[in-house]
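Biologist: I want to learn how to read helix packing and pockets. Could you walk me through an example?

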Amino acid sequence: MSKKLEGKTVLVTGGGSGIGQSICLRMAQDGARVIILDLTQEAAAITAEKVSDLGGEFEVYACDVANSSQVSQVLNEVTNKHSIDILINNAGVAHVGNIENTSEEDLDRLYAVNVKGLYNVTLGVVRFMKSQGAGIIINMASIASSVGLADRFAYSMSKGAVLSMTMSLAKDYLSDGIRCNCISPGRVHTPFVDNFIAKNYPDNGEEMFDKLSKSQPIGRMAKPEEIAGLVAYLCSEEAAFITGSNYPIDGGFITLNS
Ligand SMILES: NC(=O)c1ccc[n+]([C@@H]2O[C@H](COP(=O)([O-])OP(=O)(O)OC[C@H]3O[C@@H](n4cnc5c(N)ncnc54)[C@H](O)[C@@H]3O)[C@@H](O)[C@H]2O)c1
């Protein structure tokens, strides 16, 4: 039986760790060629090794999504060799603080990676998808996109933009055969969360982990593979009727906490 994504090429930003890594592995299991972008070759290589263990095809690129000339260079290289059928805008960074604890530099950094990074990569890829007359884009938003999170002023700002950019892209490129959706995870147990706890709660990490787990009514954090499963569905033919939508995957955070 042929695999769902046989013959497709998927580009995943921030593919070296956490959710991005799980997405790369799932896409490879579904038969796609995976283009893994991350800040360093080393970060992306960890995922590449795991994709290789699955017998998957892959390429690795070091690229800061916030740097438009690096992004153009990488996209030129990739599109000289392959089509890009699916783009997963997953790279993202976090920040803790209300507006008073958010410096201008912090705000600019979150904007540069989470908002402009998505712009840089999508701009290059969407032109290419248009010429193909088809494409699928999945953006990694957050529960912060639609409800905001306490003490996450800059992060909520950036993820709100991811949600609205998703709807805008879906409208603008509907007639080009491009579907664009976003996913809004609650807390997912990845290095993103572990680093955040280590940095901000060095003395009471376990307590904080427990608290963050219980902030999902379901009582735990998501596993990265669960997010990858939803991505895989949205990239499949079964989801051909879905565009311009936001999918919370949050253990009941948005609906059951209110
Ligand atoms: N973990 C969560 O609880 C959670 C919840 C909701 C949304 N998200 C979002 O999911 C995405 C992935 O999160 P994660 O938990 O897997 O994080 P992670 O830190 O484990 O992985 C993020 C990856 O992105 C890469 N990256 C960061 N900045 C980059 C840049 N400028 N250019 C290229 N690559 C860059 C990092 O090197 C890393 O490999 C992020 O957009 C995050 O905001 C995470």
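This is a predicted model: local features need pLDDT of at least 70, side-chain atom pairs count only at pLDDT 80 or more; totals for chains, interfaces and linings use all residues.

Biologist: How are two packed helices described?

Modeller: Two packed helices are described by the angle between their axes and the distance between the axes. Here, take α3, residues 68-81, and α4, residues 104-132. They pack at an angle of about 30°. Their axes are 9 Å apart.

Biologist: Are α3 and α4 roughly parallel or roughly antiparallel to each other?

Modeller: Angles under 35 degrees count as roughly parallel. So α3 and α4 are roughly parallel to each other.

Biologist: Is the crossing of α3 and α4 left-handed or right-handed?

Modeller: The crossing is right-handed. On the α3 side, S68, V71, L75 and T79 make the contact. From α4 come N120, V121, G124, V125 and F128. By class, this contact has 5 nonpolar and 4 polar residues, with no charged ones.

Biologist: Now the pocket. How much space lies in the largest pocket?

Modeller: The largest pocket holds about 1,200 Å³ of space.

Biologist: Which residues lie nearest its centre?

Modeller: The lining has 42 residues. G92, V93, A94, T190 and F192 lie nearest the centre of the largest pocket.

Biologist: Which element supplies the largest share of the lining?

Modeller: That is α7, with 7 residues. Elements giving at least two lining residues each include α1 (18-29), β2 (33-38) and α6 (153-172). Helix α4, from our helix pair, is also one of them.

Biologist: How do the lining residues divide by class?

Modeller: The lining of the largest pocket has 22 nonpolar, 13 polar and 7 charged residues.

Terms used
Residues are numbered from 1 along each chain as its sequence is written. Side-chain values use heavy atoms; hydrogens and water are left out. Axes are lines fitted to C-alpha atoms, for helices over the stretch in contact, and angles run from 0 to 180 degrees between N-to-C directions. Helices (H or I, at least four residues) and strands (E, at least two) are DSSP runs, numbered from the N terminus. Angles under 35 degrees count as roughly parallel, over 145 as roughly antiparallel, 65 to 115 as roughly perpendicular and the rest as oblique. A crossing is left-handed if the near helix is turned anticlockwise from the far one by less than a right angle, and right-handed if clockwise. Contact means heavy atoms within 4.5 Å. Ala, Val, Leu, Ile, Met, Phe, Trp, Tyr, Cys and Pro count as nonpolar, Asp, Glu, Lys and Arg as charged, and the others, Gly among them, as polar. On a 1 Å grid over the protein atoms alone, a cavity is a set of points where a 1.4 Å probe fits but cannot get out, and a pocket is an open set with protein on both sides within 12 Å along at least five of seven lines; lining residues have an atom within 4 Å of a point. Grid points are joined across faces, edges and corners, and a volume is the space filled by probe spheres set on the points.
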